[in-house]
Amino acid sequence: MIKTDYHMHTTFCDGKNSPEEMVQSAIDMGMEEMGFSVHGITFHDNSYCMKREKKPLYIEEIKALKEKYRDKIKIYLGVEGDYYSSEDVSMYDYVIGSVHYVKIEDEYVVVDSNAECLKKASDKYFGGDTLSFAEKYYEVVADVVNKLDCDIIGHFNLLEKFQEKTPIFDTESERYKKAWKKAVDALIPSGVPFEINTGAISRGYRTVPYPSFEMIEYIKEKGGSVIFSSDSHAKDTIMYEFSKWEDKVRATGVNIKEKLR
Ligand SMILES: [Zn+2]
Ligand SMILES: [Zn+2]
């Protein structure tokens, strides 16, 4: 049974609970390891990430918690870096590499705010062809390890966040599959695990984790690995539905990394 989770947000960015509340909850759940992954600073968008002046406090607080609870749980100081962030991340124990925007011309199109935004960008830049937008997204994802030198690949198919309720991408089309397969192919040689991310389930957007099982099977076929993460924004969603999905993911035969190191 998985007893680790390295993707969680706190009041240092857009989460609801303090780091210590998260730690106490993780200990109550019998976890062995946990990692804090504050939204790294994106200079073009200050709305969801850590404010620049808070960074020293974040580092100090997580380090203090590491010490305080060292006999009960192993704590990592991490960051969820965005592809378009140019923040120095050398002081962190690990980095989750995520793509939350697609930069087209001078615009940073937000991938995970709402379906309308994705539609609009497809209209504006691709004559309404949403698959062209998807191709552009996966081109950026394909480069995420290269750009951020990350330890975990975050929510691989984030652009499908609204797909269950508002389907705008033809995910069954050959073009779509070719786009994500190309990204997997580009990322596999790095050896960096892909997240099995249940964050959109806990927040009511999806009923299945990122990435899809078809994607997990392809990752397995290519020799890649995965790591479970909850992308929690509150203490009650740490390791969210891990027990529900663990056996199903295991059944694909993919290598599951149960610990970061
Ligand atoms: Zn993210
Ligand atoms: Zn996150």
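Axes are lines fitted to C-alpha atoms, for helices over the stretch in contact, and angles run from 0 to 180 degrees between N-to-C directions. Helices (H or I, at least four residues) and strands (E, at least two) are DSSP runs numbered from the N terminus. The model is predicted, local features need pLDDT of at least 70, side-chain atom pairs count only at pLDDT 80 or more, and totals for chains, interfaces and linings use all residues. Residues are numbered from 1 along each chain as its sequence is written, while chains are lettered from A and ligands numbered from 1 in the order in which they are written.

Helix α3 (residues 115–126) packs on α4 at an angle of about 100°, the two axes lying 8 Å apart. The pair α3 and α4 is therefore roughly perpendicular (65 to 115 degrees). L118, K119, A121, S122 and F126 of α3 make this contact with T130, S132 and F133 of α4 (C-beta atoms, placed from the backbone, within 7 Å).

Helix α4 (residues 130–142) also packs with helix α6 (residues 174–187), here at about 5° with axes 8 Å apart. Helices α4 and α6 are therefore roughly parallel (under 35 degrees). On the α4 side, the residues in contact include L131, Y138 and V141, which meet α6 residues including Y176, W180 and L187.

Within α4, the buried residues are T130, F133, A134, K136, Y137, Y138 and V141 (20 or more other C-beta atoms within 10 Å of a residue's own, C-beta atoms being placed from the backbone). These buried residues pack against β5 (101–104), α3, α5 (144–148) and α6.

Definitions and conventions. Parallel < 35°, antiparallel > 145°, perpendicular 65-115°, else oblique. Contact = placed C-beta atoms within 7 Å. Buried ≥ 20, exposed ≤ 12 C-beta atoms within 10 Å, placed from the backbone.
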